[in-house]
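Dear colleague,

Please read them alongside the coordinates.

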Amino acid sequence: MSVDNSVARTTRDVAPGAVEAGFAMPPDLADRYEVRIIPASDASEPRIGMFLPGDRENPSIEVSGNGDRIIARNEDPETVAALVKIAKHNGWEGIDVDGSPEFRQAVWEAGSREGLTVRGYEPKFDEQARMEQGRRERVEAAQREREAAAKPAPAVEPAAPVVAAVSIAATDRVRTADVGRDPAGAASPAQSGAELSDDDKCLLLRLSVFTQDRKALSEGMTPDLGPMEREFRQERLDVNKEALDGGLEQALESPTLVSSFSKAGYEPDDLRRMAREGEWDGQVADAIYLVRSGLNRHDVARDTAASVEADREDQQVATSTAPPERQPEPEPQIVREERQHGPAAARDENEELAELFLRGSAERIAADPRLANALEAQAAMEQHIGVAFQGDADRMMSASLESRELISGALMRGLDVSVREPTPVRQIEPIQITYDLER
């Protein structure tokens, strides 16, 4: 056990003076530890010791200087938590940690959970991923608690006579039957279909993401791929197909989803046939989209045909009645140059580049030299994703899609996307005491 395990305040904004001017003990720690001044040979360097019950000679924690350096004599989780609580209670925004690797890692985890910036430890990618996942779960739990607390209590309506209730219910049924049918007598999907549950919506969203990822993987299977990369992509396609097959069968086990697919114009046997024929990013993807949107494919096709016919008729009328077209005046040179090379042109180029990276084929992306850094960044992120999720295919596919969207968003804003080496972390040297005569 090293006695050099310590944390120090990153920003030393406490004026020199007495210990009490820069240090305050959290009330719960004052009840847990016996706190007293430790006699020192040098009166200019007072120290505060925090002793566990039953140990009056060896303090577990020492606070030195004006309260901006804390030394830990133990490495257990309780001691580490106490260090972080003291730092946060005294208004520290950051921590410089020094000591053994295990101690620095423990302080980084505890401090990061409390929102403090910890320097002196470089976390691994999987540690950062776990920390971010835990942060999201805490935020979601807090949001659920706030929503539950803000939700009003259900109003209790007074009881009505039985006869009146029966009459009202019968009237509502007649009114619902009338509203739920169009003039031809068919029930509309919005009125006759049951509301999808959260599990059904989540399953449809997962299938939609898988179909998008399969489309990107299929477009990336170009003839110029090397044998190793081709084999890797084929394995990912196989994993993707297994996930899609299982997800579709799970969806078809839900009576609500089966009814919704039927109302959209797709029967279960038709969907299974489309899946066997590999129409995942075609007709199956369309079926999922229509169910999520509450539409029917026959109605959509009819409306599209009617819209195209109306546009054609409008165009014919406009052509026959329009006056002779006036020739535009020549554009001034300065306006033409601004349009071709100004900020608007740069935005158009950024949007085109972002769309190409997100939606384009692998062959077109590889042929564009402007996307070389983005491809390198995507490869690095997929490598880290594989380590973070330890072969979990579903989470890897979802994270890969999110990383592509993240890079595309950076390209759209005109930002540079590239892979850089991590900045080496400089170890914080222990504080050296300088006496007045040496200054």
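How are helix 7 and helix 8 oriented to each other? Please keep in mind throughout that this is a predicted model. Helix 7, which covers residues 198–219, packs against helix 8, residues 227–252, at an angle of about 155°, and their axes are 10 Å apart. Since angles over 145 degrees count as roughly antiparallel, helix 7 and helix 8 are therefore roughly antiparallel to each other. Their contact draws on residues of helix 7 including L203, L207, F210 and R214, and on residues of helix 8 including R233, L237, N240 and L244. By class, the residues of this contact comprise 10 nonpolar, 5 polar and 6 charged. The crossing of helix 7 and helix 8 is left-handed.

A second pair is formed by helix 4 (residues 125–150) and helix 16 (residues 372–389), whose axes come within 9 Å and cross at roughly 70°, which makes helix 4 roughly perpendicular to helix 16. This crossing is right-handed, and the contact is made by F125, D126 and A129 of helix 4 together with H384, I385 and A388 of helix 16. Of these residues, 4 are nonpolar, 1 is polar and 1 is charged.

Finally, helix 17 (residues 393–412) has 20 residues and reaches 29 Å from its first C-alpha to its last, which is close to the 28 Å expected at 1.5 Å a residue. Its buried residues include M397, L401, R404, I407 and L411, and just after helix 17, G414 takes a positive phi of about 80°.

Key:
Residues are numbered from 1 along each chain as its sequence is written. This is a predicted model: local features need pLDDT of at least 70, side-chain atom pairs count only at pLDDT 80 or more; totals for chains, interfaces and linings use all residues. Side-chain values use heavy atoms; hydrogens and water are left out. Axes are lines fitted to C-alpha atoms, for helices over the stretch in contact, and angles run from 0 to 180 degrees between N-to-C directions. Helices (H or I, at least four residues) and strands (E, at least two) are DSSP runs, numbered from the N terminus. Angles under 35 degrees count as roughly parallel, over 145 as roughly antiparallel, 65 to 115 as roughly perpendicular and the rest as oblique. A crossing is left-handed if the near helix is turned anticlockwise from the far one by less than a right angle, and right-handed if clockwise. Contact means heavy atoms within 4.5 Å. Ala, Val, Leu, Ile, Met, Phe, Trp, Tyr, Cys and Pro count as nonpolar, Asp, Glu, Lys and Arg as charged, and the others, Gly among them, as polar. The expected span of a helix is 1.5 Å times one less than its number of residues. Buried means under 20% relative accessible area, exposed over 50%, partly exposed in between (1.4 Å probe, protein chains only).
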